[in-house]
Amino acid sequence: MLIDFQENPCGELSAKIIDNLEEGGKEAMTFTLALIQPIAFPPPDDERNVSDAVRFVEKASAAGADFVVFPESYPGPWRMPATFDPTEAMTDVAKRCGVYVQYGSLEPIAEEDRTAYSLVVLARPGGAVSYTHLRAHETRHDLVCRLLLE
């Protein structure tokens, strides 16, 4: 991560992280974390979650947050078929507000099987995605096989 921050400066917080790492990581650091627990719109209105998420980031940033964290799969989509992608909106608001934003989405594996990876994504203040974690959703076939093996 240190190299990533040096090549892509992300603002004051990343400068503190770099300085702390270069000093041996012994200095205590503080940052403000905003944990958001929204009421989500279900499909077919789930794309509305994206505009709500943007407003939550703006409010949290105005209140002094350095990191804004959403629950798994928010703002979505949270099930297949994946009809929208929140990445552009989340990276834009992270850049505009100068904060890190952790959000959730899906990456389709096989449209015909309606399978997808659940994504946990970190957008940084520079406006780019710096980390994506993939978690596979278990298919019915996988579940049956696992239950038979237990």
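Trainee: What should be kept in mind about the numbering and the model?
Mentor: Residues are numbered from 1 along each chain as its sequence is written, and side-chain values use heavy atoms, with hydrogens and water left out. Because the model is predicted, local features need pLDDT of at least 70 and side-chain atom pairs count only at pLDDT 80 or more, while totals for chains, interfaces and linings use all residues.

Trainee: Why is the pair of Phe 31 and Phe 67 called tilted?
Mentor: Rings of Phe, Tyr and Trp (its six-membered ring) pair if their centres lie within 6.5 Å, and planes under 30 degrees apart count as stacked, over 60 as edge-to-face and the rest as tilted. The centres of Phe 31 and Phe 67 are 5.1 Å apart with planes at 55°, so this pair is tilted.

Trainee: Why does Phe 31 count as partly exposed?
Mentor: Buried means under 20% relative accessible area, exposed over 50% and partly exposed in between (1.4 Å probe, protein chains only); Phe 31 has 45% relative accessibility and therefore counts as partly exposed.

Trainee: What makes the pair of Phe 70 and Tyr 74 tilted, and are these residues buried or exposed?
Mentor: Their ring centres lie 5.4 Å apart and their planes are at 35°, so the pair is tilted, and both Phe 70 and Tyr 74 are buried.

Trainee: How do you know that the charged end of Arg 48 sits over the ring of Phe 41?
Mentor: The term requires NZ of Lys or CZ of Arg within 6 Å of the ring centre and within 35 degrees of the ring normal, and the charged end of Arg 48 sits over the Phe 41 ring at 3.9 Å from its centre.
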